[in-house]
Amino acid sequence: MSSKKKRGMHTICGEIYHSAYVVVFVTSLTMAILNWESSAYLFFIGIFSYSFAFLGYVSAKKKWKNWIASHISGMLGSYIAICTAILVVNVSNITILNQWNPLIFWFLPSIIGSPLIFLVGQKYKKSKSI
């Protein structure tokens, strides 16, 4: 998110991020199908979160009109989604945090990440330097 938006480090990291997300997506679908009774939610979370990553990835590749907004919101939206999933699944195992209301962890990544999407979007909307 903080690297310069140009070929080089940003695109290499983007390819790695997208590839890793594909692995997480396939894993979540597989786990959901194999343990449907207890893990069906992973199927829907996997599809929902990967759709953001796919939008961000494809918009940067195709560079359609207003692609930068789609790229930023897709990539950061996917990051928010995966942080939410990690928190929700693991919070019960974290000693201090497991005493809090679990609903907080469904919203906390969006509360923190949404302003970042807005700020990064504004930065590139004004500069048009991509």
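Started with Ser-78, which is buried, as its relative accessible area is 0%. I use buried for under 20% relative accessible area, exposed for over 50% and partly exposed for in between, with a 1.4 Å probe and protein chains only. Ser-78 belongs to helix α3, residues 67-90. My helices are DSSP runs of H or I with at least four residues, strands are runs of E with at least two, and both are numbered from the N terminus.

Before going on, a note on the source: this is a predicted model, so I took local features only at pLDDT of at least 70 and side-chain atom pairs only at pLDDT 80 or more, while totals for chains, interfaces and linings use all residues. Residues are numbered from 1 along each chain as its sequence is written, and side-chain values use heavy atoms, with hydrogens and water left out.

What does Ser-78 contact, leaving aside neighbours within four places in sequence? I found Tyr-17, Tyr-21, Ser-49, Phe-52 and Ala-53, with contact meaning heavy atoms within 4.5 Å.

Next, the aromatics. I pair rings of Phe, Tyr and Trp (its six-membered ring) if their centres lie within 6.5 Å; planes under 30 degrees apart are stacked, over 60 edge-to-face and the rest tilted. That rule gave me nine aromatic pairs. In one of them, Tyr-50 and Phe-54 have ring centres 6.0 Å apart and planes at 40 degrees, so I logged the pair as tilted. Both sit in helix α2 (residues 36-62), four residues apart, or about one turn of the helix. Tyr-50 counts as buried at 14% relative accessibility, whereas Phe-54 is partly exposed at 44%.

Is the pair of Trp-100 and Phe-105 stacked or tilted? I have it as stacked, because the planes are at 15 degrees, with the centres 5.9 Å apart. Trp-100 is partly exposed at 44% relative accessibility, but Phe-105 is buried at 2%.

I also noted one aromatic cluster, formed by Tyr-17, Tyr-21, Phe-25, Tyr-50 and Phe-54. Tyr-17 and Tyr-21 had already turned up as contacts of Ser-78.

Last, a charge on a ring. The charged end of Lys-63 sits over the ring of Trp-67, 4.6 Å from the ring centre. My rule for that is NZ of Lys or CZ of Arg within 6 Å of the ring centre and within 35 degrees of the ring normal.
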